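Q: Could we go through this structure together? I would like to take it one topic at a time.

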Amino acid sequence: MGRSCMDQYFSTLKEIEILGSFSAFAFQRVFRNCTKLKVLRLRKHCDWVDDASLSQLFTTNKELQEADLSGCSNLNGTCVHRLVFGCKGLKVLGLSGCNWVTPQSIELVMTHLTELERVDFSLCKSINNELLGHFIMRFGRLKRIKLAFMPAVNDATLLLISRSCPNLTHVDVSACGVTDHGIKSVAEYCKSLQSLKVRYCRGVTEASLRSLRIRGTVEIDQSATSNNNWGDRSSGLGIRVQV
């Protein structure tokens with residue numbers, strides 16, 4: 001009776017956010033009956049997650065709209081196949097620090113996840129400038145993009161982003177090789193911009209930021225530390241669910 005009630009409860013979940021130590025076995029057992037998930041956030045301390053666990057979840061939750069796997073460091077990438085073929089309506093994809101991401105994974109995303117509006121590729125060293133350029137041109141509807149600590153990102157990247165994605169509201173190019181020239185293109189083309197993060201960008205000065213500050217609607221972050229999420233604040237370890 002108890003297990004039946006628990007299974008029924010988890011079958012109605014719409015959001016899962018895990019913030020700490022768990023296990024792949026427990027993950028599969030607890031969430032095996034989930035079929036209505038909209039949001040999956042595994043952003044911190046989730047190195048216990050394996051591809052089999054995620055593949056199962058992606059297969060049974062075809063209405064998933066957000067998948068943030070930034071805390072999953074021990075995947076091999078096979079779960080991406082399940083994600084792109086099973087969750088074609090995905091709008092938010094977080095892959096920050098996921099060194100298992102390959103160019104082939106990104107090509108699958110480009111081909112099948114055509115509804116994306118928010119992406120986080122921060123610290124993804126395997127994504128080169130050419131691949132990133134193809135991605136940007138493919139997703140002109142992007143509203144938020146995070147490319148922090150990516151060696152491939154430079155002024156040419158920002159020019160392409162600003163011209164291809166004029167509806168961007170949030171841009172993070174912290175610790176990238178961008179200068180005032182690239183920021184000026186963002187200011188010129190992205191009229192809906194609300195947030196710009198340029199931490200550790202020594203080539204960015206007030207010469208390019210001034211026009212954004214004048215708008216009075218753009219939050220500019222040049223600080224050494226910053227919240228790394230999409231405006232969602234989390235602390236501590238645990239698990240959060242939402243029905």
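Q: Which residues is Ile220 in contact with, leaving aside its neighbours within four places in sequence?
A: This is a predicted model. In it, Ile220 is in contact with Leu196, Val198, Leu209, Leu212 and Arg213, once neighbours within four places in sequence are set aside.

Q: Where is Ile220 found, and is Ile220 buried or exposed?
A: Ile220 is found in strand E9, which covers residues 219-221. Its relative accessibility is 17%, so Ile220 counts as buried, the cut-off being under 20%.

Q: And how are Ile220 and Gln194 separated?
A: Along the chain they are 26 residues apart, while the C-alpha atoms of Ile220 and Gln194 are separated by 8.5 Å.

Q: Moving on to the core. How many residues does the largest nonpolar core have?
A: The largest nonpolar core has 73 residues. Those with the most contacts inside this core are Leu54, Leu95, Phe121 and Phe135. In soluble globular proteins, nonpolar side chains tend to be buried together.

Q: Take Leu54, then. What is Leu54 in contact with, leaving aside its neighbours within four places in sequence?
A: Beyond those neighbours, Leu54 is in contact with Phe27, Leu40, Leu42, Val49, Leu69, Leu75 and Cys79. Leu54 is also one of the buried residues of helix H3, residues 51-60.

Q: What covers the buried residues of H3?
A: The cover includes helix H2 (24-31), strand E2 (39-41) and helix H4 (79-86).

Q: Is Cys72 buried or exposed? And Cys87?
A: Cys72 counts as buried, because its relative accessibility is 0%. Cys87 likewise has 0% relative accessibility and counts as buried.

Q: Last one, on helix packing. At what angle do the axes of H6 and H7 cross?
A: The axes of helix H6 (residues 129-138) and helix H7 (residues 155-164) cross at roughly 10 degrees and come within 9 Å. Angles under 35 degrees count as roughly parallel, and H6 and H7 are therefore roughly parallel to each other.

Q: Which residues meet there?
A: From H6, Asn129, Leu132, Gly133, Ile136 and Met137 meet Thr157, Leu160, Ile161 and Ser164 of H7. By class, this contact of H6 with H7 has five nonpolar, four polar and no charged residues.

Methods: Residues are numbered from 1 along each chain as its sequence is written. This is a predicted model: local features need pLDDT of at least 70, side-chain atom pairs count only at pLDDT 80 or more; totals for chains, interfaces and linings use all residues. Side-chain values use heavy atoms; hydrogens and water are left out. Axes are lines fitted to C-alpha atoms, for helices over the stretch in contact, and angles run from 0 to 180 degrees between N-to-C directions. Helices (H or I, at least four residues) and strands (E, at least two) are DSSP runs, numbered from the N terminus. Angles under 35 degrees count as roughly parallel, over 145 as roughly antiparallel, 65 to 115 as roughly perpendicular and the rest as oblique. Contact means heavy atoms within 4.5 Å. Ala, Val, Leu, Ile, Met, Phe, Trp, Tyr, Cys and Pro count as nonpolar, Asp, Glu, Lys and Arg as charged, and the others, Gly among them, as polar. A nonpolar core is a set of buried Ala, Val, Leu, Ile, Met, Phe, Trp, Tyr and Cys residues joined through side-chain atoms within 4.5 Å. Buried means under 20% relative accessible area, exposed over 50%, partly exposed in between (1.4 Å probe, protein chains only).
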